Amino acid sequence: MSKDNFLEVRGLKKYFDADRPSFFSREPRYVHAVDGIDFQLRHSEVIALVGESGCGKSTLALLLMGLEEPTEGAILFEGRDITHLNDNERKGLRRKIQMIFQDPYESLNPTQTIEEIINEPLVVHGIGNNKNERDERVKKAMEDSGLKPAEVYLQRFPHELSGGQRQRVVIAAALVLEPEILLADEPVSMLDVSIRAEIINLLAELRITRQIAVIFITHDLGSVGFFADRVAVMYLGRIVEIGTMLEVLEKPQHPYTKALISVIPVPNPRLRHERIILQGETPNPIDLPSGCRFHPRCPLAMATCKASDPPFITLSKTHQAACLLLVK
Amino acid sequence: METSTQVPEIQNQWIIRLTNFWRTFSKNRIGIVGLAMLIVIVFMAIFAPVIAPYDSSSSASEIGDVYNPPSSSHWFGTDDAGQDVFSNFVFGARVSLIVGFFAAFISIIIGGLLGLVAGFFGGRMENFIMRFTDIMLVIPDLPLMVVVVALTKPSLLNIIFVIGLLGWTTTARVVRSQTLAVKSRKFVLRARAVGAGKGHIISRHILPLVTPILVVQAVLVVSLAILNESALSFLGLGDPTALSWGQMLNYAFGRGAMSIGAWWALLFPGFGIVWVVLGLTLLGQGLEQILNPRLDTHHLMPGRPVIQGKMGMALEKIIEKIIEKSPLLEVRNLSINYINEGKPPARAVENISFTLKEGELIGLVGESGCGKTTLMLALLRLLPSAGQIVNGQVLFNGKNLTALNEQEINAVRWKDISIVFQGAMNALNPVRTVGDQIAEAIIKHMPGFARDQRLQERVIELLDLVGIAADHKEHFPHQYSGGMRQRAMIAMALACNPQIIIADEPTTALDVMIQAQILELLDSLRKKLGLAIIFVTHDLGVVAEICDKVLVMYGGVTAEYADVDIIYNESRHPYTQELLKAFPDLTKPKKKLSSIPGYPPRLDALPAGCRFAPRCPLAFERCHTEQPLLHKLNDSQSADHIASCHLLEASK
């Protein structure tokens, strides 16, 4: 097995049925949530998927987790096609791919104790021969997630913990299965800045100590830029630019990436700089703009952008972007 | 081995949960009264043979005993057959309760199962079940029961089944909607991501959150079943061998108790029915108050009276004269407590001072729970009922807002100082157009406006000011995106031309691009309208982009207060320094972010010394015992640079 195709996504699409514009309309309409995504993830690599809400990044996460069925395309894990699996096969796979959700307030069952929450995946997968063995694993997952000493937290309920602690519980409940890929959907955007740093450090540490690959989904390039190996910028269901973290942050090529980077708040008034503030918001993914999907908001749009869909231009071995300005 | 260790643990947890529940319940007066009323009846039913002075089947010993009024030998008198009404009343409780509980049990099982299946599995199954439920709901219960019972043999068992089989509809609806609500919550998705099957999700995640609602529903269904049984028996369709309260009424009514004036034969069984149903209703209401926290409305109660500062009125006047060109807003030594019954008050905000000039933008920064929202609510005296201003002044154009009465402060709210709340999604009414809601805000606060063309023009003007095209005026909030809703909230806050806007985390839930748009908007508004803005946030990065001054709060006190440039480049308080370090700096990426270990203090467990000491990398002995004073730093570039740290004593 090649190191390069640990997880591979090929031409992945997900269309949801949309309401018809009127009762008499015959033509079916679709929400093009994910509309042709390709990327590879290597062993213990951290890739950041960045984009505004409505770009399809959360749908992509659900597709990768097998919580939604893709309309088209394939997902390969260690060379095996995992796009369509039955419940049993899927269950085995879940141990290897785990997910962390955005809102640690919502993603914990308020009636369960922390111990029940973290122990639950073990029960579901029938891991551990006896209670002692499970307790050990729960404890290790908790301490790896920074809930030390574990005993202090075991019998507490989620509402007794702070936001940062709750997110650590969510991480521990994922780690307890010893996954190889961690899918983190906006894991810090609901947390205070001071707590964000801790959670990001924790994830950065886990990929070293446990060799876990991380797919970090966020709208804020600033929160993840420094620890991701690669960055993929998404717009309206597609990746518009992908490259190593330094390539994307220092030499962004797509106008959308440039704008996203320019609005990252810089914590120093002396470094206040010109921000490229895009007007309006992501158009709805039902009636997609013609040509380049970004052209209605693009500050550099040309006449041709309206007509033709830009191809992916290879800028370096690792860096690609889809923009007509890059076509020479 | 495994089971033997696990079982007692689970039992233990249930005991803990039940004792916790009882502790809360025992404080609920309505629930306790209801429970007490029921216990009396249940006790009576269980010990009926002991309590009743006569055997239930004993009939009159002498003919003359029929319809005897209450006396010492027959406390509730006798009935048409000369039987003791009290004895029948006691035994009747048995029948009524048995029918009530068993019928309700059937209803709850059927309704609960159908509701759960419909809510959880959805699709065609749900459609079928819910349409069936709808049909059952439109059929009037009692006539149907009468027909069914009349067609079958009137036995107690039949009555139980008929009532039970017809009484599940509301339960099915309630359970379905609760299941739907729970099912869509993120922790269910997380359980699916973990690999949990449907059975596991239902038993571990759905049921624990549906059960409380089901308990409340069960109580109500029991009372309904008892009422239905009474009605059926009263109509003569009850089991003649089981004398329930309804049956007693039927006999008394049919055998001339009314014409004789034997009120006792009617009153006591009637009273029994009312007593039980009332007890069940009260119990249900009590349970609902505990199990459904949404019914808690303490936020709507007025706040506590302000405790005025030690400064006398005379002195205050003098000060007002000294500050002739006073700033727009001056907050002086403001302290706010939360009153906890039986505990010492929580010092949520202590000794906060800052000033705000026209067109100025101050950033109020702190982690969640540091008291920033409390402080903002206190400025407009909108604190929840437990909150109380215990010291300090809020001077708006020289007028002390803490000394105003409710009517006077109301005149300031919105017109002079308005608020943009966090989470614009919830602050808009979903069933009214945005334009309509803005118009409402204008009319409510400016009586000069009538519902005419001028009002519509003003709405369009306000929308234009926040960058929303006029044709969106007639749209509903759900047609707006998150960013547009926040803009609409700002338009509403601008409705009365206020001088100050308090923006409480206005961009927290928004994407970075939309956040940049909103920041740009606020910045342009203050330039265009000379607005002063208090920007509350936990994000130092956002503040750096637009603020003039920054107040960094920690655990309810000022950590540092200075011009924005000083805060970011010459901060003196360790907390500010640590916060800045925790910020990912894209200009110089590094492998590990520095973070502040630990968590902010809880208000009910504040450290004895400096509130930041437990997390401070520079803390020394004194920090843990003595709260630092606010030091004005004269060597600083900033005119007002204040920081509270023992380390700054020397440089004072």
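In strand E5 of chain A, A:Arg80 is the bridge partner of A:Phe77. Strands (E, at least two residues) and helices (H or I, at least four) are DSSP runs, numbered from the N terminus. Two bridges join strand E4 (residues 72-77) of chain A to E5(A), and these strands run antiparallel. Two strands pair if DSSP finds at least two bridges between them.

This is a predicted model, in which local features need pLDDT of at least 70 and side-chain atom pairs count only at pLDDT 80 or more, while totals for chains, interfaces and linings use all residues. Residues are numbered from 1 along each chain as its sequence is written, and chains are lettered from A and ligands numbered from 1 in the order in which they are written.

**Chain A**

The E4-E5 pairing belongs to an open sheet of four strands in the order E2-E1-E4-E5 (chain A), with antiparallel pairing. Its edge strands are E2 (29-41) and E5 (80-81) of chain A, each of which pairs on one side only. Strands of a sheet pair through backbone hydrogen bonds, either parallel or antiparallel. Helix H1 (residues 57-64) of chain A lies across E1 (7-18), E2 and E4 of chain A, and runs at about 65° to E2(A). Such angles run from 0 to 180 degrees between N-to-C directions, with axes fitted as lines to C-alpha atoms, for helices over the stretch in contact.

Chain A as a whole has eleven helices and twelve strands. Its C-alpha trace spans about 65 × 55 × 45 Å along the principal axes. Buried residues make up 49% of the 328 residues in chain A. A residue is buried if 20 or more other C-beta atoms lie within 10 Å of its own, exposed if 12 or fewer, and partly exposed in between, with C-beta atoms placed from the backbone. Of the contacts in chain A with a separation of 6 or more, 65% are between residues 24 or more positions apart. Two residues are in contact if their C-beta atoms, placed from the backbone, lie within 7 Å.

**Helices of chain B**

The expected span of a helix is 1.5 Å times one less than its number of residues.

| Helix | Residues | End-to-end C-alpha distance | Expected span |
|---|---|---|---|
| H20(B) | 482-493 | 17 Å | 16 Å |

The buried residues of H18(B) include B:Val434, B:Ile438 and B:Ile442, and their cover includes helix H19 (453-465) and H20 of chain B. H20(B) is itself mostly covered, with eleven of its twelve residues buried.

Helix H4 (residues 85-121) of chain B holds B:Gly119, a buried residue with 24 other C-beta atoms within 10 Å. Leaving aside neighbours within four places in sequence, B:Gly119 is in contact with B:Val175, B:Arg176, B:Thr179, B:Leu180 and B:Lys183.

**The interface**

Between the chains, 55 residues of chain B are in contact with 53 residues of chain A. On the chain B side, H9(B) gives the largest share, seven residues. The residues of that side divide into 27 nonpolar, 14 polar and 14 charged. Here Ala, Val, Leu, Ile, Met, Phe, Trp, Tyr, Cys and Pro count as nonpolar, Asp, Glu, Lys and Arg as charged, and the others, Gly among them, as polar.
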